[in-house]
Amino acid sequence: WTKTDSQIPGITLMVVNTGETNDDENVKKINFRSYYAIAYVTTQKSLNDYLSEYEAEVKNAVSGTTIENVNDGMVNGYTAKFLELNIKQQNIDFKTFVALIKGDGKDVWILTFNTTAKLWSAYETLIPEILNSFKLKK
């Protein structure tokens, strides 16, 4: 896993599994590697209201996205919403875990873990480790 500069606007941190190999020709073609990323937004909305906005934005940005397993949670004492996205792009089935974490004040931190659906089970146990490593500095 290697920290990298994100080409995606708004991403605060991105860590890519640079050693990952994949036998899917479509995945190879776009040079995709599993990664996790952290973004930050400021909002006046409650976490529930922001969740609705986030879901709408995701569905609008990537057609055909389905959202499942939406649950309440906690990340190191902070209220969170967890959800999973199923995305089909460029003939590849992707799976993304999302944690929306309400920080202090008006901030919401967005942690995402992105991989292919084929590799999801191999990485699923890594998600709690990533979540538990997330800490807000006061």
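Helices (H or I, at least four residues) and strands (E, at least two) are DSSP runs, numbered from the N terminus. This is a predicted model, in which local features need pLDDT of at least 70, side-chain atom pairs count only at pLDDT 80 or more, and totals for chains, interfaces and linings use all residues. Residues are numbered from 1 along each chain as its sequence is written, and side-chain values use heavy atoms, with hydrogens and water left out.

Start with the open spaces. A pocket is an open set of points on a 1 Å grid over the protein atoms alone, where a 1.4 Å probe fits, with protein on both sides within 12 Å along at least five of seven lines. A cavity is a set of such points where the probe fits but cannot get out. Lining residues have an atom within 4 Å of a point. Points are joined across faces, edges and corners, and a volume is the space filled by probe spheres set on them.

The largest pocket holds about 630 Å³. It is lined by 25 residues, and I8, Y35, Y54, T112 and N114 lie nearest its centre. β3, α2, β5, β6 and β7 each supply at least two lining residues. β3 gives the most, with six. The lining has 19 nonpolar, five polar and one charged residue. Here Ala, Val, Leu, Ile, Met, Phe, Trp, Tyr, Cys and Pro count as nonpolar, Asp, Glu, Lys and Arg as charged, and the others, Gly among them, as polar.

The second largest pocket holds about 170 Å³. Its lining includes T12, W109 and K137. Five of its lining residues are nonpolar, one is polar and four are charged.

The largest cavity holds about 40 Å³. F97, L111, T112, F113, I127, I130 and L131 line it. β7 (107–116) and α4 (126–133) each give two or more of these residues.

Turn to the packing. A nonpolar core is a set of buried Ala, Val, Leu, Ile, Met, Phe, Trp, Tyr and Cys residues joined through side-chain atoms within 4.5 Å. Buried means under 20% relative accessible area (1.4 Å probe, protein chains only). The largest core has 22 residues, of which Y54, L83, V98, L100 and I110 touch the most other members. α2 gives the most to this core, with five residues. Apart from this core lies another, of 19 residues, among them F113, L126, I130 and F134.

Definitions and conventions
Buried means under 20% relative accessible area, exposed over 50%, partly exposed in between (1.4 Å probe, protein chains only).
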